[in-house]
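This briefing sets out the main features of the structure shown below.

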Amino acid sequence: NESPREIAKEVTLPEELETWFKKNKKAKAVFDALNYTTRRELTQAVLTAKRPETREKRITLIKNKLEGK
């Protein structure tokens with residue numbers, strides 16, 4: 001069972017990352033191992049992007065980071 005504190009610390013994943021994590025379990029495990037603040041910052045960077053080009057660039061940066069590139 002999760003404590004209320006753990007439930008409150010879930011982050012909203014952008015659809016593109018959610019789809020990618022389904023295909024890349026290792027990257028999902030790396031993401032899940034990050035602390036809450038880092039996970040939130042990464043996802044918010046994507047969710048707050050105003051231009052599609054910026055969103056794609058940020059998603060690519062996150063993917064590279066999680067893959068150790």
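## Overall architecture

Read from one end of the sequence to the other, the protein shows the pattern α-α-α-α-α. The model is predicted, and it contains 5 helices and 0 strands.

**Fold-level values**

- Buried residues make up 25% of the 69 residues of the protein.
- The accessible surface of the protein amounts to about 5200 Å², and 49% of this surface belongs to carbon and sulfur atoms.
- Of the contacts between residues at least 6 apart in sequence, 56% join residues at least 24 apart.

**Nonpolar core**

- The largest nonpolar core consists of 11 residues: Leu13, Leu17, Trp20, Phe21, Ala27, Phe31, Leu42, Val46, Ile59, Ile62 and Leu66.
- At least two residues of this core come from each of helix H2 (15-23), helix H3 (25-33), helix H4 (36-47) and helix H5 (52-66).
- In soluble globular proteins, nonpolar side chains tend to be buried together.
- When neighbours within four places in sequence are set aside, Leu17 is in contact with Ile59 and Ile62.

- Ile62 lies in helix H5.
- Ile62 has a relative accessible area of 4%, and it is classed as buried because this value falls under 20%.
- The C-alpha atoms of Ile62 and Leu42 are 7.0 Å apart in space, while the two residues are 20 residues apart in sequence.

**Packing of H2 against H3**

- The axes of H2 and H3 are 5 Å apart and form an angle of about 120 degrees.
- An angle of about 120 degrees lies between the limits of 115 and 145 degrees, so the two helices count as oblique to each other.
- On the H2 side, the contact involves Trp20, Phe21, Lys22 and Lys23, which meet Lys25, Ala27, Lys28 and Phe31 in H3.
- Sorted by class, the contact of H2 with H3 has 4 nonpolar, no polar and 4 charged residues.
- Trp20, Phe21, Ala27 and Phe31 are among the residues of the largest nonpolar core.

- Thr43 is part of helix H4.
- The relative accessibility of Thr43 is 0%, and Thr43 is therefore counted as buried.
- Not counting residues up to four places away in sequence, Thr43 touches Val11, Thr12, Leu13, Pro14 and Phe31.
- Leu13 and Phe31, both touched by Thr43, are listed in the largest nonpolar core.
- Thr12 is located in the loop between helix H1 (4-8) and H2.
- Thr12 is classed as exposed because its relative accessible area of 55% is over 50%.
- With residues up to four places away in sequence excluded, Thr12 touches Thr43 and Leu47.
- Thr12 and Thr43 are 31 residues apart in sequence, and their C-alpha atoms are 7.0 Å apart.

**Thr43 relative to Ile62**

- Thr43 and Ile62 are separated by 19 residues in sequence and by 8.8 Å in space, C-alpha to C-alpha.
- Thr43 is buried at 0% relative accessibility, and Ile62 is buried at 4%.

Technical notes
Residues numbered from 1 in each chain as written. Predicted model: local features only at pLDDT ≥ 70, side-chain atom pairs only at ≥ 80, totals over all residues. Heavy atoms only, no water. Core = buried A, V, L, I, M, F, W, Y, C linked by side-chain atoms within 4.5 Å. Buried < 20%, exposed > 50% of the residue type's maximum accessible area, 1.4 Å probe, protein only. Helix = DSSP H or I, 4+ residues; strand = E, 2+ residues; numbered from the N terminus. Contact = heavy atoms within 4.5 Å. Axes fitted to C-alpha atoms, helices over the stretch in contact; angles between N-to-C directions. Parallel < 35°, antiparallel > 145°, perpendicular 65-115°, else oblique. Nonpolar A, V, L, I, M, F, W, Y, C, P; charged D, E, K, R; others polar. Areas by Shrake-Rupley, 256 points an atom, 1.4 Å probe, with all protein chains shown as cover.
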